[in-house]
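Biologist: Hi! Could you walk me through this one while I have it open?
Modeller: Happy to, go ahead and ask.

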Amino acid sequence: MKVKVIAPAFCSFKHIDENGYMILPEGATLNDVYKKLRVPLLFRKILFSSVNYERVKLRTKLKDGDVVSFLSVITGG
Amino acid sequence: MKGYMGKVLTIDLTTGTIADESIPDSVYENVLSGMGLGAYYLYKHIPEEADPLGPDNILGLMSGLLTDSGSLMTGRWMAVCKSPITGGWGDANCGGTFAPAIKRCGYDAIFFKGISEKPVYLYVDDEGAELKDASHVWGKDTVEAEEILQEECKKKKKPKVAVIGQGGENLSLIAGISNDGGRMAARSGVGAVMGSKRLKAVVLGGAKKIEIQDPDGMKAYSKEFADKVKNAGFPKFFKGFLLPFIGMLMPMAKKGAPVDGMMAVSMNKTYGTVVNNTIGLPNGDSPVKNWGGSVADFRMKQYKKLNPDYILARETKKYHCYSCVIGCGGICDISNVRDGRYKHTHKPEYESVCSFGPLLLINDLDAIFYITEMMNRAGMDTIAAGSAAAFAIECFENGIITEEDTGGIKLKWGDAEAVIELLNKMVNREGIGDILADGIKVASEKIGKNSEQYAVHAGGQAPGMHDPKMDPLLGIHFSADPAPGKHTIGSGMYYNMMYLWDEVSWAPVITKYPKTEEHIPSDNEALKSVALAAYKMLTDGAGGCFFAEIAGLPHWNLFTMLNFATGWGLSGDEYMEIGKRIQTIRQMFNVKHGIKPKDCIMGARVTGNPPLGAGNLKGITLPIEEMVKFHWKNFGWNEETGFPEDKVTGELKLNELLS
């Protein structure tokens with residue numbers, strides 16, 4: 001299945017294609033996305049992410065077309 | 001039924017003549033409403049020799065095409081004029097509740113020319129428009145005058161009011177226009193233009209409906225956006241004292257990448273713009289000590305006192321502008337601050353906190369609350385006022401001005417009492433305040449003695465409180481926007497959030513890239529800055545909010561919403577041509593009025609010449625002139641002069657439109 005992943009720049013983008021999609025096996029979870037992004041274990045529980053703009057648990061199963069995004073800090077005002 | 005009203009109200013204050021003027025559909029199809037309609041109208045009607053404070057200047061109060069259309073985040077209004085501070089195009093953008101009030105009176109805009117003999121205000125409702133005597137509110141501050149006029153003109157509901165304070169009345173060139181108890185259209189000296197016309201206020205009490213082509217489509221789209229914003233919560237474990245650490249981590253990211261703007265919305269929803277108070281010091285975004293210092297001059301033990309949690313602690317209720325579901329604003333209780341003169345205030349914006357905080361090395365948050373309310377009531381631009389104070393302190397420190405000049409005030413960095421005294425003099429135009437009330441460029445010209453080295457401005461306007469050495473695209477817009485110095489046009493970070501490449505064929509696609517690329521002048525970077533400027537013109541033509549814009553096309557898509565409203569069915573590329581057209585008219589306005597765009601390129605200190613000696617931006621110098629050249633070239637403007645070329649004015653069909 002294809003999941004859109006909008007990840008922070010410090011992550012590994014190796015498994016994200018040029019359109020921002022990651023291919024995952026059926027039944028993959030948010031934690032699997034974290035693994036492919038090489039997010040260090042220590043950060044996995046505190047890195048704020050959402051699936052389809054809702055906060056979910058790391059063990060949540062993903063489905064085709066989901067959007068996984070991460071909290072980003074902006075400057076401005 | 002395309003979202004716009006198809007007419008404007010014109011008032012000649014010299015003769016007292018009030019008239020409706022129809023605007024052809026073709027104008028809206030070419031430039032939308034709001035900023036675009038304002039640029040079109042002012043370019044055509046203000047003669048090139050017009051004195052910005054004279055009768056020939058026109059002040060326009062503009063709504064947006066999408067305002068009150070059932071769309072969300074489209075309640076911004078704009079004031080446009082020939083700017084007395086730059087001598088060229090002037091505009092200021094504001095939230096609050098005034099934008100829909102213009103349309104509910106049946107107009108897309110209200111244009112004033114001439115000068116009234118005595119102070120007046122304009123009252124408009126469904127039955128017509130009338131100029132009324134304003135002598136009883138002349139001299140009142142913005143909040144007092146608004147309350148009096150609301151009571152005086154109240155019928156079924158309280159009317160909406162745009163009003164100037166003492167700043168505008170005294171023709172301070174850094175004066176703005178207020179609505180909703182102190183929300184300011186602050187920039188470009190628009191309040192001075194209103195004051196020069198002896199127009200104290202505009203009071204609107206109409207109740208007309210706005211119709212669009214596809215209300216069901218708009219409603220469904222708005223619900224989708226609102227649902228996403230509802231879910232966009234900031235993590236509860238997060239506290240403000242952690243923000244500096246984020247600021248410290250940010251520079252470690254050597255790569256840029258696309259960002260989901262909806263996830264950034266949560267920060268604005270929770271904190272508002274003050275979230276940047278303590279992020280901006282360690283990462284270098286916030287200017288320190290009149291742009292000459294760094295976090296080494298204003299360390300964590302000082303800036304931690306600006307922790308936005310301390311601001312939220314005073315917030316008694318959230319504040320939303322019209323049609324806003326984010327709610328970055330708030331009302332704060334300041335009844336126990338200093339002399340207790342002010343009971344409450346709008347939550348200060350980051351720009352105000354930085355202008356009266358790090359820029360002056362002040363860490364007294366109560367003083368900053370007090371000063372921002374004082375300036376809101378006087379109706380003066382906090383960015384420009386803080387910048388003028390910083391300029392004065394540096395002049396004093398270097399012996400260019402003395403206690404004799406300041407009327408006995410010993411100006412020094414970090415002294416909030418001295419700054420309050422100085423600002424009071426600016427509001428009342430007393431002594432040194434009379435000079436500083438016209439902004440730093442005019443002040444440095446009057447003071448002389450090589451003081452211009454401390455006058456940080458772009459074409460006369462003090463820049464927003466963001467250092468372009470951290471985000472170079474910001475510097476391009478500071479320098480190249482026809483209203484220079486504005487921080488709300490675009491930046492590299494914003495580009496990465498907006499996903500313009502999804503629907504604009506020529507907007508560069510972003511994947512992961514080295515951030516060093518942003519510091520090298522190139523066509524690719526220039527195309528980003530052109531795309532940002534063109535899209536911002538659409539936002540301002542629609543009455544859109546910048547914080548919705550940067551949520552990005554996947555969430556808040558102007559092309560989609562404009563098509564729901566108008567039924568035009570245009571593509572992203574076609575709309576961006578409209579955005580380019582608006583921006584080019586603004587630039588043509590400057591050329592017509594004798595502005596040399598090269599003179600608006602930011603001063604040496606801001607671009608790192610000499611470079612900062614400490615902080616995250618240590619040693620960086622921006623090749624700003626080269627960057628601006630690439631920007632102009634990619635707009636189809638002459639890369640040496642910044643003048644729009646015949647080729648682009650022909651392609652944009654501007655000769656026919658403006659004839």
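Biologist: What do the buried residues of H4(B) pack against?
Modeller: This is a predicted model, and in it the buried residues of H4(B) pack against strands S7 (120-125), S9 (160-163), S10 (177-179) and S12 (199-204), plus helix H13 (365-378), of chain B.

Biologist: Which residues of H4(B) are buried, then?
Modeller: B:Thr142, B:Val143, B:Ala145, B:Glu146, B:Leu149 and B:Cys153. Seen down the axis of H4(B), they fall within an arc of 165 degrees, so they line one face of the helix.

Biologist: And how many residues does helix H4 of chain B have?
Modeller: Twelve, residues 142-153. H4 of chain B reaches 16 Å from its first C-alpha to its last, close to the 16 Å expected at 1.5 Å a residue.

Biologist: Switching to strands: why is S6 of chain B largely enclosed by the rest of the structure?
Modeller: Because five of the five residues of S6 (residues 109-113) are buried. B:Ala109, B:Phe111 and B:Lys113 point one way from S6(B), while B:Ile110 and B:Phe112 point the other way.

Biologist: Last topic: how many residues of chain A are in contact with chain B?
Modeller: 19 residues of chain A, in contact with 31 of chain B. The chain A side divides into ten nonpolar, seven polar and two charged residues.

How values were computed:
Residues numbered from 1 in each chain as written. Chains lettered and ligands numbered in written order. Predicted model: local features only at pLDDT ≥ 70, side-chain atom pairs only at ≥ 80, totals over all residues. Helix = DSSP H or I, 4+ residues; strand = E, 2+ residues; numbered from the N terminus. Expected span 1.5 Å × (residues − 1). Buried ≥ 20, exposed ≤ 12 C-beta atoms within 10 Å, placed from the backbone. Arc of directions from axis to C-beta. Contact = placed C-beta atoms within 7 Å. Nonpolar A, V, L, I, M, F, W, Y, C, P; charged D, E, K, R; others polar.
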